[in-house]
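The model is shown first, and the notes follow by topic.

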Amino acid sequence: MKTKLPGPIYATIAGFSLFAISICLTRFAYGPLVPSLIDTHWLTKTEAGYLGAFNGFGYIIGCLIALWLPQFTGIRLLMRSSLVLAVIGIGMCSWNFGFAWLSLGRFLAGFSAAALMIHSTALLMKYFQEKTKDLFLGFAISGGGVAIVIICLVLPFFINNGPSGGWLLEAIITLLFAAIAWPFISMAPHQREPSSHSMQALVPKRKRLVMLTTIAYSLMSVGAVPHTLFLADYMHRDLGLSISDSITLFAIFGLGFLVGAIYVGMLIRLFGTRLSLCISYIIGVTAIAMVLLSDSIIIVASSSFLIGVFLSGSAGLSSIRTLEAVGLSRHPHFWGFMTLGFGVGMAAGSYSMSALLSLGFNYIDLFKTAQVIVIIALGLIIFSWWYFRDIDDVAETMKQ
């Protein structure tokens, strides 16, 4: 009996759920909980950062598995397992059995995010028509931003007695999204995927473009650590906001992420991918500079919005720029390695910045470090904009 393929509407809803889990619930939804975790003595400031590093480390291992395992099993089993591990990892953190226990929970959550992040886009594209794919994919990716907003607006009502209620809330929402996406995952290929070695070799110049874009993308993830991991606690501890207010203001980051996911297509139509990528990184540099120049709550909140735009916009644009360089058939392989680079940067940034806190540095010092790193990334993107200006034809490379 032939399986009926899902329509684009359900595919979009399922994709929305998958990105809500892989972007927000397993990763960025941890940031709003940090002030409560520290105030209730579950963690110290340094341990809170190290917990972020364990999440990033799990994401790195997950990326490696997600790139290797489908050659033997297909992606259906991998994505189903990832949904289950996401619920388990977040649910584990509802009980404070010590730092090692919480680290394992965050590791599993990060691990589960990787396969969903790498394979969801390619799976979704099969159910979207060419003329509407940008619209539907934008709405699907916006699930990460919408989930952040929902979590931040609801979370204050669940942490009055400590962070356990917040973790449990996030686990339940993850379970709900997993249930929505599960039938769609059943449509994923069960057969083995072809090895990357069987693909036609890429010309050296296109390889260099992908490498440069990946390095910049990895540096971007390091530069985003102070906002995604420490911003809520910075507003609570250094700017004097209550825990509830700092969590609520973190929702602005989610709004920015939502806008960034949707505006990518419009930006490309106006300026092309190369210039749009430069604009996105300029937004990132501006966002961090705002925190360094002012401690006004309005300015810091605006910075949070722009960093959300920067993160999701740069992810979408980097993926499309890679598509231009390698073509549709090679894209999941190279995008997987780019996602791995993001995970390495996030883990390295979380670990090194936590070490700086343990040495007596302040949150504002972390933002200064991030500014330098993102400026370097912007320099790489500007160089690639000039040097690889001849690699622009999406239609041509998609046929390869």
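Helices (H or I, at least four residues) and strands (E, at least two) are DSSP runs, numbered from the N terminus. By that rule, Ser352 is found in helix H14. The model is predicted, so local features need pLDDT of at least 70 and side-chain atom pairs count only at pLDDT 80 or more, while totals for chains, interfaces and linings use all residues. Residues are numbered from 1 along each chain as its sequence is written, and side-chain values use heavy atoms, with hydrogens and water left out.

**Cysteines**

- A disulfide is taken as a pair of cysteine sulfur atoms within 2.5 Å, and the structure holds zero of them.
- Cys63 is too far from any partner for a bond, because the closest cysteine sulfur, in Cys24, is 18 Å from its own.
- Cys152 is likewise in no disulfide, and the nearest cysteine sulfur, that of Cys24, is 7.4 Å away.
- Buried means under 20% relative accessible area, exposed over 50%, and partly exposed in between (1.4 Å probe, protein chains only).
- Cys63 is buried, at a relative accessible area of 0%, and Cys152 counts as buried at 1%.

**Helices H1 and H6**

- The axes of H1 (residues 8-25) and H6 (residues 99-125) come within 8 Å and cross at roughly 150°; axes are lines fitted to C-alpha atoms, for helices over the stretch in contact, with angles from 0 to 180 degrees between N-to-C directions.
- Contact means heavy atoms within 4.5 Å; the H1 residues that meet H6 include Ala11, Gly15, Leu18 and Phe19, and those on the H6 side include Arg106, Ala113 and Leu116.
- The residues of this contact divide into ten nonpolar, four polar and one charged, where Ala, Val, Leu, Ile, Met, Phe, Trp, Tyr, Cys and Pro count as nonpolar, Asp, Glu, Lys and Arg as charged, and the others, Gly among them, as polar.

**Helix H10**

- H10 (residues 204-223) has 20 residues and reaches 29 Å from its first C-alpha to its last, close to the 28 Å expected; the expected span is 1.5 Å times one less than the number of residues.
- Among the buried residues of H10 are Leu209, Val210, Tyr217 and Met220.
- The cover over the buried residues of H10 includes H11 (225-237), H12 (243-293) and H13 (297-326).

- Ser304 is found in helix H13 and counts as buried at 1% relative accessibility.
- Not counting residues up to four places away in sequence, Ser304 touches His227, Leu231, Leu249, Phe250, Ile252 and Phe253.
- Ser352 is partly exposed, with a relative accessible area of 35%.
- Ser352 and Gly52 are 300 residues apart in sequence and 11 Å apart in space, C-alpha to C-alpha.
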